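Morning, everyone. Please look at the screen, and I will walk you through one chain.

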Amino acid sequence: MAVPKKRSTKTKRNMRRSQIKLSSRASVICANCGKSILPHRACPSCGYYKGRQVIDMVKKAEKKAAGAKVKAKANNR
C-alpha cells in the first residue's frame, strides 16, 4: 500500500477539497404557466408536459380535498 513521504499541508488539502461541492439543480421554464420545473417532468402546478396536459389538476385537487375531509372526520372521533 502506498504511504505518503511527506504530510500534506492544510492549504493543499483545502485546495483539493474546494472542487468537491454541490451543484445547483437544472431547471426549465414551463411553456404553459411559466413556472420553473425540473426537466423531463410534468409541471406540478398546471399538469402540462411537452405542450399537452398529462395530469388533470382539477381532479387531483378534488381528490386531495376529499382525502383531507376524511382525515379530519377520523380525527374528530
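Start with a question: does histidine 40 count as buried or exposed? Histidine 40 counts as exposed, because its relative accessibility is 69%. The cut-offs are these: buried is under 20% relative accessible area, exposed is over 50%, and partly exposed is in between, with a 1.4 Å probe and protein chains only.

Now some ground rules. This is a predicted model, where local features need pLDDT of at least 70, side-chain atom pairs count only at pLDDT 80 or more, and totals for chains, interfaces and linings use all residues. Residues are numbered from 1 along each chain as its sequence is written, and side-chain values use heavy atoms, with hydrogens and water left out.

How confident is the predictor? pLDDT is its confidence in each residue, from 0 to 100. The chain averages 91, and 100% of the residues score at least 70. Among the elements, helix H1 (residues 10–17) has the highest mean pLDDT, 96. Helix H2 (residues 57–76) has the lowest, 87.

Next, the layout. The chain has 2 helices and 4 strands. From the N terminus, the order is α-β-β-β-β-α. Helices (H or I, at least four residues) and strands (E, at least two) are DSSP runs, numbered from the N terminus.

What about overall shape? The radius of gyration of the chain is 25 Å, while a compact globule of 77 residues would have one near 11 Å. That radius is taken over C-alpha atoms, and the globule rule is 2.2 Å times the number of residues to the power 0.38. The C-alpha atoms fill a box of roughly 70 × 45 × 25 Å along the principal axes. Buried residues are 6% of the 77. Now take contacts, meaning heavy atoms within 4.5 Å. Of those between residues at least 6 apart in sequence, 0% join residues at least 24 apart.

On to the cysteines. How many disulfides does the structure hold? The count is 0. A disulfide here is a pair of cysteine sulfur atoms within 2.5 Å. Cysteine 30 is in no disulfide, and its nearest cysteine sulfur, in cysteine 33, is 3.6 Å away. Cysteine 43 also has its closest cysteine sulfur in cysteine 33, and at 3.6 Å that is too far for a bond. Cysteine 30 counts as buried because its relative accessibility is 7%. Cysteine 43 counts as buried too, at 1%.

Cysteine 33 itself sits in the loop between strand E1 (28–29) and strand E2 (36–37). Cysteine 33 counts as partly exposed, because its relative accessibility is 35%. Which residues does it touch, leaving aside neighbours within four places in sequence? Cysteine 33 is in contact with Cys43, Ser45 and Cys46. Take serine 45: it is 12 residues from cysteine 33 in sequence, and the two are 8.0 Å apart in space, C-alpha to C-alpha.

Last topic: backbone angles. Most residues other than glycine have a negative phi. Histidine 40 has a positive one, near 60°. Histidine 40 is in the loop between E2 and strand E3 (48–49). Lysine 50 is not a glycine either, and its phi is positive, about 55°. Where is lysine 50? Lysine 50 lies in the loop between E3 and strand E4 (52–53). Lysine 50 counts as exposed, because its relative accessibility is 70%.

That is the tour. Thank you.

Technical notes. pLDDT is the predictor's confidence in each residue, from 0 to 100.
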